[in-house]
Amino acid sequence: MNWLAGRVASVLGALTLHAADPNLQAVHPLAGQPGATYQATITGSNLANLRALSLDEPGVRARLLSATADQLRIEITLDTSVTSGEKKLRAIGPQGLTNAVSWHVVPEPTTLESPDLALQSSRVVNGVLAEPGEVDTFTLNALAGQAFTFEAVSATPAFDPVLTLLEPAPESWFSPKSWKRLAFHDEDLFFPGLSTHARLTHVVQQAGQYRLQISGFSGHGGPAASYYLRVRNGAAPPPLRHPLPAADWNPRSFVRQLGPDWLAQLHRRGGDEKTQPPPPARVAASPDQTPLLPIPGIFEGRIAQPAQTHKAALHLEQTLPVTIEIETPEATLPEFNPIVTVFDSTGREVATNVHTKRNNNGLYMMKMIHARTTFLLTPGDYTLQVRNITTDHGRPDFAYRVLLRAQVPHAGRVTFPDDRLNLVPGAARVLTFQLDREEDFRDPVVATFTGLPPGVTVLPGADNPVERPPLPNAGRIERYTPKPQTFSLLLHVADGTPLSAAPVYPKLLIRPVRKGQLAPPILEKSIPLMIIPAAP
Amino acid sequence: MKTLLPFLLAAIAYAADPVAVRLVPATFELHREGAAQQLLLIAEYPDGSTQDLTDAAQWSPNAPAGLVTAKANPGPVQVTATHGKLRATASGRIETAAGPAEFRFRAAIGSILTKRGCNSPACHGGVKGRGGLKLSAASLFPQDDYEWIVKGGEYQVLSAESKTPRVPRINLQNPAESLLLRKATGAMPHGGGKRFAVDSPEYQTITNWIRQGAPFGPPEDDTSRVAALEVYPKILTLEKNQKHRLLVTAVMANGRREDVTAQALYVANDKQIATVAESGLVSPAALGETSILVRAAGQAAAVIVGVIGDPIANYPTLPKSNFIDEHVFDKLRRLRILPSALSSDAEFLRRVCLDLTGTLPPPARVTEFVRSTDPKKRERVIDALIATPEFTDYWTFRFQDLFRVALFANGINAKWSQMYGEWIRESIAKNKPYDRMAWERLTAQGYDGPTRHFLPYDVIGSPEETMAEEVRVFFGRRLECAQCHNHPYETWSQDQFWGLAAFFGRLFKMGDTGNEYVVFDHPLNEGMGNAEVNGKIETLHPRTKAKLTPTLLDGRAVPPSDQANPRKPLADWMVQHPYFAEAAVNRIWAEFFGRGLVDPVDDFRSTNPATHPELLARLAAEFRRNGHDLRALMRLIVTSRTYQLSAETNPTNRADRVNYSHALPRPLLAEVLLDAIGQVTGVAERFTTTVTASGKVTQQTPSGTRAIHLREPDLFHSRFLDLYGRPNRLALPERSGKANLGQALNMLAGPIYNEKLAHPESRLQKLLASQATDEAILQDLYLTALGRPPDPAERQQILTALSTQPNRSDAWKDLFWAVLCSREFAENH
């Protein structure tokens with residue numbers, strides 16, 4: 001987790017805008033229905049003089065109506081055939097290409113917020129909390145026993161909506177016209193990687209008029225606090241408490257899938273296309289037994305009861321560098337925190353997925369749970385144990401898969417922060433990305449661009465990373481983190497290169513080199529690029 | 001007031017004869033030759049009062065001043081005391097077959113050290129001892145005391161070793177040269193001065209002990225270990241010219257009782273009220289109430305002493321609503337205090353609204369309530385208030401205070417303080433039994449609301465601090481002193497403290513980034529990587545460095561298990577312990593009376609006795625019987641006549657601050673005061689968090705957010721709230737309620753008062769704009785702010801004064817300001 005968090009922080013840090021880059025924040029109205037044509041505003045910065053919109057969504061047309069420094073006015077037309085879901089949109093101007101801002105297509109009819117608007121099922125209300133502390137209040141007429149699901153989706157992660165359902169309080173001695181809180185929802189579970197959208201399901205006991213309020217967490221509000229509110233009849237399934245696997249390949253996430261081809265994926269990312277290992281054997285956990293787990297092998301089970309412990313036996317004939325990988329296919333952190341430990345025949349702990357270190361400010365012991373750990377196993381008999389970190393929690397969906405395998409050197413996650421490139425003729429731009437070298441992966445890696453426009457050349461660059469001394473009291477950090485490597489490429493734009501009328505989409509390719517041969521890419525990423533005039 | 005006058009006028013001193021006498025104790029046993037038992041002759045008078053006539057009685061056979069001593073004639077004995085025509089008899093049994101009592105260090109030497117104050121907290125019984133000698137308070141740990149005296153050495157707080165080479169404090173060859181005796185007799189300089197003379201019995205006893213080789217005697221067992229100390233009477237009322245002996249009994253672990261009156265040390269808390277002699281004879285000094293601390297045999301107890309005035313003839317029979325009144329009024333009768341009259345409807349309504357909901361009653365409700373002739377209207381309004389959303393809001397606020405919901409107290413993450421705060425809110429809204437709330441917090445594991453309580457300042461709190469807080473909140477006791485040393489004022493030992501702390505010794509958090517902490521109890525038998533940093537999970541005794549096993553205060557060790565939450569046995573034990581219910585009811589009581597039956601509410605100890613111990617016990621029993629139902633407890637309290645007494649006093653109860661004879665005006669809590677100002681001015685406060693350097697507000701509470709709604713005091717800033725005592729909740733809140741200069745300046749020139757009054761949307765400005773008459777505005781102001789209409793004299797004076805002012809708006813602003821600054825507004829009374 002420590003490593004992950006550090007990674008997230010570095011990505012966020014690197015996303016810092018270049019000074020001149022135009023930036024979009026939030027669209028309002030946030031959602032539209034297929035077949036609709038409507039006007040919307042997009043808040044942001046450095047937006048003056050933007051002249052066009054860029055989007056690649058079938059069935060969607062959008063045009064820019066006006067632009068000021070902090071706001072765009074646009075018109076969106078949705079064909080009836082357009083699919084529902086989250087969409088992206090960018091804007092283009094002499095200052096370059098903006099980031100992609102999210103907006104949504106929803107199947108329901110939409111309407112704009114207005115004071116005391118009566119909510120209707122299967123409708124979506126678009127609103128914005130334009131000022132800090134603003135609260136939008138809607139009315140709701142309900143029948144006794146009627147169930148509702150309210151869902152507030154925000155335009156940006158920076159705005160975190162909160163839903164409160166109110167009922168009349170005629171019994172209130174202070175004011176018979178007052179309302180009292182009936183239900184409240186911020187997000188289902190506040191935890192990194194999970195949505196902060198609010199979602200409230202409630203069965204109304206008595207017929208009558210209710211109120212639903214949307215506010216921002218801790219009084220947040222502002223022009224970018226745009227949201228849509230969906231009202232549904234009935235209790236919709238609870239939201240996912242399980243983050244979706246990230247779009248980029250991340251072997252250190254508890255939610256990545258250790259599928260039958262996982263070992264093949266690892267070999268491929270090590271530049272070895274030819275090795276096609278068979279799927280690892282699967283061994284089911286049993287509360288009363290300690291089955292033998294071959295290597296490679298997947299040990300899987302469910303911590304269905306509190307304090308349950310599952311065990312498997314291991315036997316090694318020869319010393320082997322091994323990796324333990326853990327997947328939580330259903331419930332995951334922070335509800336289910338699987339602790340995997342390997343004990344030798346004397347009961348001594350040989351390995352665990354918990355990284356323990358000491359905080360150098362006070363020498364407190366700190367512990368971080370990891371989805372992957374590597375270590376060396378000498379010949380002998382061992383016991384692998386799986387349990388939840390707390391003794392009080394166990395549920396049928398506390399499912400785990402623990403893969404024990406020999407180490408496979410491979411290229412891990414690649415982090416490339418830029419989501420667009422606005423380049424100026426005569427100037428060079430350094431692009432830095434990071435590659436994780438997993439399990440002693442030592443082969444060279446090549447990074448390059450294809451499809452660059454004329455006048456733009458890519459050159460290898462040398463990074464000048466900050467050299468950090470090894471942390472004291474860091475425990476056996478090498479077991480829990482890959483070796484990160486930073487690469488730099490330099491894009492140079494020749495003088496006189498024509499300015500772009502529209503973005504082009506060159507591809508960043510990253511390929512391992514194995515035994516002198518270029519292996520297939522482990523990353524192919526299209527990045528929109530524009531050549532823009534130098535800022536005056 | 002008028003209703004009391006006949007009684008006051010009829011209050012005359014009278015000297016009635018006793019109607020009965022009895023001996024205390026009525027039965028006794030003396031088990032060793034030389035053992036003694038003090039008997040007291042207690043006379044009972046028609047008004048229910050009692051008097052100690054021990055010294056005035058004639059005793060037979062041979063029990064001078066009621067003291068019976070076992071000699072070598074065993075068997076049953078009848079002791080009779082005669083006073084005038086009245087006679088009382090006590091039955092005793094004397095066993096002397098075993099001869100004199102076996103020598104024991106604690107009984108023989110420790111009792112001298114106690115009686116002479118040597119082991120008192122102010123002397124060698126203090127935290128570090130004095131002059132290198134450390135003794136346990138009242139000889140609670142005689143083996144330790146013995147070694148420091150016989151082997152010598154200098155005590156160290158954090159080590160069991162002597163700081164200096166051990167030099168015995170006694171001289172076996174020449175007892176008179178013993179440091180112990182020379183210091184105590186003043187033969188050499190002694191910070192504590194002379195404690196006894198060379199020819200005193202104490203000197204002789206110690207000298208003989210040294211001559212005999214300074215034995216310790218047999219180890220402590222159930223026949224010698226004192227389990228409790230009982231003092232008769234627990235509550236003593238004395239007339240100005242009376243005296244009363246105290247009778248102190250040690251209850252041994254085997255149940256046997258021994259009279260230790262002569263060995264006890266007596267200390268009066270307030271000598272201006274009463275004094276106590278070495279023998280335990282209490283003498284009055286002035287009208288009032290104090291307590292006397294009694295120490296003996298390692299234990300401590302206290303006696304409440306009330307020095308009462310003249311008898312009140314025809315003391316009225318007071319109406320009682322429930323058992324609270326029975327206990328309170330019975331004591332008032334004994335103290336010869338007349339309670340105030342029942343509060344007026346307006347006085348009651350404002351008080352009960354503020355106490356149950358933190359909200360002023362609306363003017364229309366005041367009028368309606370005062371006009372109502374429904375005899376059950378008070379009960380009805382109580383039930384109505386308990387059902388209001390404001391009740392949930394207010395008690396959520398009170399428990400968020402006590403349970404410390406704050407940004408920095410809950411992991412420095414506003415989402416986490418919200419999770420914790422919402423858990424409290426749900427508990428209050430659903431009237432979750434209080435024992436369940438406590439249990440959930442004590443045992444919290446994982447990632448849910450109450451687990452965030454264990455993350456002060458982003459780390460897991462230390463076991464000792466965590467345990468001390470839980471004990472203080474749920475047991476109302478302060479064990480912190482015992483962290484570094486045996487508790488100087490109580491019988492809590494350092495071992496007990498650390499045994500309890502060990503329940504929290506495995507508490508740990510998983511995570512490092514500040515966003516994902518999962519709270520768990522670290523298994524004992526798994527390292528989980530500890531070896532990688534040479535770490536261990538264990539709680540060590542700070543002095544002995546011994547590994548600690550979780551141990552309940554009663555000495556029961558709970559063997560640790562990796563398969564179970566170690567805090568569950570602790571929580572099971574705590575919520576069923578008598579301390580739990582009595583601490584809870586005392587805390588809630590204090591919310592309604594401004595002081596606890598034990599006060600401060602989290603300072604239960606034998607030396608800080610309850611003003612009404614039987615009432616406290618009965619409330620606790622009722623609370624348990626009702627399933628720890630907080631609402632039922634509150635209803636019980638506010639329906640009592642005691643709660644509903646007026647704040648207006650009479651001559652007999654004017655000085656009373658502790659017996660609930662009248663309502664004590666209490667300053668409104670900062671949050672309630674600010675909300676009340678908002679109610680009266682009609683301008684609610686808006687609270688903001690950090691404001692950017694450019695002055696831009698990025699977070700602001702929604703309109704209508706009250707101060708009592710603010711979850712994190714360290715997130716939403718308010719100069720006003722800080723000035724008026726809002727705690728930051730980074731430690732257990734202690735609100736003093738005392739006025740300060742900042743408050744005065746704020747009243748004069750602060751924005752809260754002045755800007756709200758001048759606000760164009762204020763209640764005043766709207767009233768003025770509506771062409772309301774001065775009389776109507778005055779009526780509205782009084783009803784809103786004070787919960788009552790102005791009385792005719794006030795109305796006349798104010799309207800006259802207003803008519804002379806050149807600027808009507810300014811004059812009204814001044815009047816509103818004056819009302820808001822008045823004690824009547826700023827206090828609950």
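Guide: Let us begin with a cut-off: angles under 35 degrees between axes count as roughly parallel. Please note also that this is a predicted model.

Visitor: Why are helix H24 and helix H26 of chain B called roughly parallel?

Guide: The axes of H24 (residues 774-786) and H26 (residues 808-821) of chain B cross at roughly 20°. Angles under 35 degrees count as roughly parallel, and H24(B) and H26(B) are therefore roughly parallel to each other. Their axes come within 11 Å, and H24(B) passes H26(B) in a right-handed crossing.

Visitor: Which residues make the contact between H24(B) and H26(B)?

Guide: H24(B) contributes B:Ile777, B:Leu781 and B:Ala785, while H26(B) contributes B:Trp812, B:Phe816, B:Val819 and B:Leu820.

Visitor: What makes this contact of H24(B) with H26(B) nonpolar, polar or charged?

Guide: Ala, Val, Leu, Ile, Phe and Trp are among the residues that count as nonpolar. The contact of H24(B) with H26(B) accordingly divides into 7 nonpolar residues, with no polar and no charged ones.

Visitor: Which residues of helix H18 of chain B are called buried, and what cut-off makes a residue buried?

Guide: A residue is buried if 20 or more other C-beta atoms lie within 10 Å of its own. In H18 (residues 630-638) of chain B, this term applies to B:Leu630, B:Leu633, B:Met634, B:Leu636, B:Ile637 and B:Val638. The cover over the buried residues of H18(B) includes helices H6 (323-335), H7 (345-357), H9 (377-386), H12 (434-443), H16 (578-593) and H17 (613-625) of chain B.

Visitor: How do you know that domain 1 and domain 2 of chain A touch?

Guide: Two residues are in contact if their C-beta atoms lie within 7 Å. By contact, 12 residues of domain 1 of chain A meet 13 residues of domain 2 of chain A. On the side of domain 1 that touches domain 2, strands E1 (23-28), E2 (31-32) and E9 (101-105) of chain A each supply at least two residues. E1(A) gives the largest share, 4 residues. That side of domain 1 of chain A holds 5 nonpolar, 7 polar and no charged residues.

Visitor: How many residues bring chain A and chain B into contact, and what kinds of residue does the side of chain A hold?

Guide: In this case 50 residues of chain A are in contact with 49 residues of chain B. The side of chain A that touches chain B consists of 21 nonpolar, 18 polar and 11 charged residues.

Methods. Residues numbered from 1 in each chain as written. Chains lettered and ligands numbered in written order. Predicted model: local features only at pLDDT ≥ 70, side-chain atom pairs only at ≥ 80, totals over all residues. Axes fitted to C-alpha atoms, helices over the stretch in contact; angles between N-to-C directions. Parallel < 35°, antiparallel > 145°, perpendicular 65-115°, else oblique. Left-handed = near helix turned anticlockwise from the far one by under 90°. Buried ≥ 20, exposed ≤ 12 C-beta atoms within 10 Å, placed from the backbone.
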